[in-house]
Amino acid sequence: MKQRLIEMRDFSDPDEAETARLLRSMPPTAVSEVVERRVYARVCAPRLRGPRFVRLTVLASALLVSTTILCATLARHWLGRSDDRSPRSPALSVPVAQPKRLVAQREPAPESAPADSTPVSPSATDEGGAAATVHTSAHRDRLRGFAAARRPTLVASDRDIPREELPPPEVAAAPPPPEEAALVLSALRALRREHNPVQAGALLQTYLARFPKGVLTEEALALGIEAAVARQDARFAAILSNQYLGRYPAGRFVALARKTSSATRP
Amino acid sequence: MLFEDVYHTYFRQTVAWIRALGVPDAEIEDVAQDVFLVVRRKLPQFQGGNLAGWLYRIAQLTVRNFRRLAWFKNLFSRSQDLDAADGLAMTATPAMALEKKQDQRVLIQMLDRMTDKRRETLVLFEIEGYSGNEIAALHGVPVKTVWTRLHHARKDLVAMVSALRQQRETEAGKP
């Protein structure tokens with residue numbers, strides 16, 4: 001049986017004496033009844049503690065949900081800032097299908113100055129054949145009223161169009177007056193983002209009444225057709241379609257106008 | 001065998017083991033709770049025999065898990081130095097209390113530098129008052145192994161105390 005250092009009194013080595021002194025400074029463990037009862041109560045209490053995979057699943061779900069909320073908040077914030085920066089141009093970043101020869105068939109008249117891209121209903125792709133995807137950035141720039149306009153940026157099949165058929169840059173460069181653009185953009189926003197075809201139709205009618213030969217008349221008519229279809233006003237949609245086909249027989253939204261016209265024909 | 005009986009028989013010993021395994025005083029209660037949660041869950045699977053050794057093994061594994069997470073926990077909790085100062089009022093004078101706390105702190109630091117087996121053997125024998133046979137039963141080793149571990153543990157501790165004393169003398173001798 002070995003003797004404990006803390007019980008020894010006579011040390012020949014001072015280091016051993018110091019070691020014993022240090023060991024004596026540490027008392028043995030004392031546990032109170034209160035602690036014992038408290039731990040027992042906690043151990044025996046029903047706990048919401050399932051198997052490890054359940055806890056991990058709950059944790060992962062919470063993490064996923066919080067990350068999603070954070071991303072959505074950031075995206076919304078970012079999109080809001082983007083809209084604030086360009087108040088007169090709603091987001092037009094979705095590639096829009098266009099007929100193949102859209103630029104070449106454009107009317108040379110000043111009131112129908114070719115727009116690079118405009119909102120077209122998806123049905124417009126039906127007749128388009130190999131649809132060309134047009135970047136809307138040029139259109140956005142034009143609507144912003146940039147002084148220096150650019151040619152439309154054709155992404156997909158611009159190689160199919162002979163260069164001599166493309167309009168001269170100065171034709172495509174005419175920016176609309178801000179007032180006109182604001183009206184059409186408001187209508188566009190009401191139709192596409194707020195899903196309010198009634199308000200969009202009213203705005204477009206205002207535009208067509210005030211600027212019958214405006215730069216954006218073609219777009220306004222096309223949007224008007226779309227708004228009339230959206231509010232299920234077949235008669236007015238047919239009127240606008242016929243009006244469009246009469247003014248722009250080779251316009252960019254002929255497909256939409258023809259389809260609407262044929263669909264509303266009794 | 002009822003859990004309640006096991007708990008009331010071994011709770012105090014388990015706390016002493018947990019302390020010997022190197023858990024700070026502030027965390028002992030939580031670790032003890034974790035140990036007995038495992039005991040409660042595993043008790044039906046206990047096949048008889050050395051119950052104290054079985055509990056000691058559970059305590060060892062629980063403390064090992066606790067140590068793995070200790071660094072993360074310490075990021076959000078108070079440091080041990082602050083905890084160690086809590087018991088200052090329990091001794092006769094503040095100076096004595098301070099000296100005692102300082103000694104405890106030094107001892108804990110030295111024990112932390114030892115290997116697990118030596119530290120456990122030393123603390124159980126010297127501080128908690130266990131006999132060699134009891135420690136041998138807990139660790140599942142022969143008694144001679146316990147004495148060997150105790151011998152080496154004492155030797156390590158004395159060497160550390162000697163080094164500390166020399167360091168203090170050197171610092172005291174500097175101008």
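Okay, let's start with two residues: A:E219 is buried, and A:R252 is buried too. Buried here is under 20% relative accessible area, exposed is over 50%, and partly exposed is in between, using a 1.4 Å probe and protein chains only. Their side chains meet in a salt bridge, 2.8 Å from N to O. For the cut-off, that's a side-chain nitrogen of Lys or Arg within 4 Å of a carboxyl oxygen of Asp or Glu. The pair links distant parts of chain A: A:E219 sits in helix α8 (residues 217-230), A:R252 in the loop between α9 (234-247) and α10 (254-264), and they're 33 residues apart. Helices are DSSP runs of H or I with at least four residues, strands are E runs with at least two, and the numbering goes from the N terminus.

Before I go on, some housekeeping. This is a predicted model, so to speak about local features we need pLDDT of at least 70, side-chain atom pairs count only at pLDDT 80 or more, and totals for chains, interfaces and linings use all residues. Residues are numbered from 1 along each chain as its sequence is written, chains are lettered from A and ligands numbered from 1 in the order in which they are written, and side-chain values use heavy atoms, with hydrogens and water left out.

Back to charges. How many salt bridges are there over all chains? The count comes to 21. One of them joins B:R165 and A:D15, at 2.7 Å from N to O. That pair crosses between chains, from helix α8 of chain B (residues 143-173) to helix α1 of chain A (residues 14-25).

Another one pairs A:E7 with A:R4, N to O at 4.0 Å. A:E7 is partly exposed at 44%, and A:R4 is buried at 10%.

On to the rings. A pair of aromatic rings is described by the distance of the centres and the angle of the planes. Phe, Tyr and Trp rings (for Trp, the six-membered one) pair if their centres lie within 6.5 Å; under 30 degrees between planes is stacked, over 60 is edge-to-face, and the rest are tilted. Searching the whole structure gives 13 aromatic pairs over all chains. Take B:F3 and B:F36: edge-to-face, 6.3 Å centre to centre, with 70 degrees between the planes. B:F3 is in helix α1 of chain B (residues 3-20) and B:F36 in helix α2 of chain B (residues 25-42), so the pair ties together parts 33 residues apart in sequence. Both are buried: B:F3 at 12%, B:F36 at 0%. The two also belong to one aromatic cluster with A:Y40, B:Y7 and B:F11.

What about B:F46 and B:W54? Their centres are 4.7 Å apart and the planes are at 40 degrees, so that pair is tilted. B:F46 is buried, at 17%.

Last stop, A:S241, in helix α9 of chain A. A:S241 counts as buried, at 0% relative accessibility. Which residues does A:S241 touch, leaving out those up to four places away in sequence? A:I225, A:A257, A:T260 and A:S261, where contact means heavy atoms within 4.5 Å.
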